[in-house]
Each structure stands twice: as C-alpha cells, then as structure tokens.
Amino acid sequence: MAAWTLLILLVFDTQLSVLSECGVAPLSTRIVGGQNATAGSWPWQVSLHLTFHICGGTLISDQWVLTAAHCIVTNTLSAWTLYFGRETQAGPNAHEVSRRVSKIIVHPNFNNTFLNNDIALMRLSSPITFTDYIRPICLASNSSQFYNSTSCWITGWGKLGKNEVLPSTTPLQEVQVPVVGNKQCSCDYIPAPEANITQQMICAGQANKGACQGDSGGPLQCKQGSKWIQAGITSFGIPCAQAGFPEVYARVSEFQTWITDQVGGANASFVTFTSSGTDQDSSFVCRSTNSTTSPNSGNSVKLASELAFVIILVKMLIDYISVP
C-alpha cells in the first residue's frame, strides 16, 4: 500500500508540475499567416472586462495577471471581471473560467513620458487552476535579447482594422510579426514626436500586420525551444498596422525586478530569450534627423492627433461604463 501511495503521489506531482510549467501550450498549432487562433493555442491570454472587453492581459502565475497600465481606467476592484480560457467574446466558451480582482498595481512611473512604463498587475480574487486551456506564460528575464527581425506573435480580440470591429463570434486573433529594433523604431516615429521610444519599450510589426484598439495589454510573445516567452505588453501605435509605424510594447525584461517585488511569493517565471546572429539595429543609421526630412512629415499633425485619440478613447471608457 505504501508503494502504491508513493507512486500515485509521484504521478500526481508530475502532472501538477507539467501544468504549472510556464510558456507551454500543448494544444497550440501555429499556422503562419493565420488569423483565427484555435482553442488552447494561447492559454495565458486573458480578456479584461468592464461590462465588455476593453483590453487583453496575460496570466503569469495562478494569482496574477499582467496588462498595460493605460488599460486601468478605474481602480474600483468590483468593476473588473477577468476571463481565462476564452475563445470568443460571444461564447459559449466550454473551457472558460472567470475571476474578480482583489488588487491592482500600476507602475509608479507610468506615463512619465508618453506611455512609458506602460505596465500593471492585477491580483485575482482567488487562485486559478491550470488546465490545457489555462496556463501561465514565461516572462522575458532582464538579460534577454530580442534582435531586429526576431519572429514573434501577438494575440487579441481588438479591431481588425482602424474602422473594422472584430465580430463577437470570431475567435481570438493571432498574427506573426517581426521585432523592430529601437533605433529603427525611434526613426520611424519621428513624424509623431509625442512618441518617444525609450529603453522600456520594444517595437514589432509590419504593414497590415499588427495590433489595434482592444489588443492593448495583451502579449507580444516569442518562442524559444518549446517555451513561449512574453517580450512585450501591447501599448500603442498609429491605428492600425500602418506601413512604416510598428506597434510599441512595454518591454517586459525591463521590469523583472518590479514584477518580482510586487507579486512576492507568487511563482512568476522569468526565462532568458537569446537571439541568434547579430543585431542589425546596432548599426542602424537614421537618415531623417527631424520631421521635416521624414517621408511621412506631411502627416505629422495627423499622426499626433491619432496617437492622442487612442489614449483619449481609452480614458473616456470610464465615463461610458456604469460601475456597480
């Protein structure tokens, strides 16, 4: 009997260990250029609701969700509902569970320059049980390197285009995008001077492939071996996936110490992502020194207003939502 008990405990412990391992999506079947994500492909994806979906997030432990600071339009805990294992916003979602929020922590230096340090944590009202459809993602450690052109994926229920809303019956969307180095990204954003690309940011995207409103707070995730590692948190861009303007994300690796300090004993896992080869961005030279020499300079005022519009739209949600 003792031997059988030991065997059962060992098997059960092994199963728990596998379920809690970060960045593993056993049901994932990646298709390059695909749009609809199959159920369980991104088990760490979270949908943040204030009566309706407003932002994405990622599950980083059984108690904590990582999202963008600009998504936190209210600190009223009872207003929030977080959904895990969700496939469509309309449902039914057979593998879905939900949680309320017991604590919200916004980075203290959020927006010290335009959307800098765009990161926040939400503690769940009770721990969540991991399944094949609900698992934590690995977080990029502070020694991670994401070279220019590194292939990653973004996911979310945001708009399909600037004026095209994702139907509520349509599954979670996925798209593969390349990382754009910070030097090149800073050069690209010269026509929009409000957007200062800092070391706390990472850029990714290409024409007609990128994030849009509603994707904010969701992950930029890159695969290394069998693990998915979160490189960024969707922050801002020129709506949407406009040529010459990659989307901008909060760089997760810059916040390892802050995240660890906030979550305490929670088991958030940091993994070092290592790019191969050399980083082309290190030798990038920007040919435009100011907006007047940029090929996009004629759109400077329009781009600045569009950036402002995105932020205003998010902040106005609080006036639209009736909080119980």
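Which loop holds Cys-240? In this predicted model, Cys-240 sits in the loop between β13 (227–236) and β14 (247–251). Ala-241 is not a glycine, yet its phi is positive, near 55°. The relative accessibility of Ala-241 is 8%. Ala-241 therefore counts as buried, since the cut-off for buried is under 20%.

A cis peptide bond also runs from Gly-91 to Pro-92. Here omega is near -5°. Pro-92 is placed in the loop between β4 (81–84) and β5 (97–99).

Ser-149 is another residue, not a glycine, with a positive phi. The value is about 80°. Ser-149 belongs to the loop between β8 (138–140) and β9. Is Ser-149 buried, exposed or partly exposed? Its relative accessible area is 45%, so Ser-149 is partly exposed: the value falls between the cut-offs of 20% and 50%.

The second largest pocket holds about 460 Å³ of space. It is lined by 24 residues. Closest to the pocket centre are Lys-159, Leu-160, Val-175, Asn-208 and Gly-210. Two strands, β9 (151–156) and β10 (173–180), each give two or more residues to the lining. By class, the lining of this pocket has 11 polar residues, eight nonpolar residues and five charged residues.

Definitions and conventions
Residues numbered from 1 in each chain as written. Predicted model: local features only at pLDDT ≥ 70, side-chain atom pairs only at ≥ 80, totals over all residues. Heavy atoms only, no water. 1 Å grid on protein atoms, 1.4 Å probe; cavity = no way out; pocket = protein on both sides within 12 Å on 5 of 7 lines; lining within 4 Å. Points joined across faces, edges and corners; volume = space filled by probe spheres on them. Helix = DSSP H or I, 4+ residues; strand = E, 2+ residues; numbered from the N terminus. Nonpolar A, V, L, I, M, F, W, Y, C, P; charged D, E, K, R; others polar. Buried < 20%, exposed > 50% of the residue type's maximum accessible area, 1.4 Å probe, protein only.
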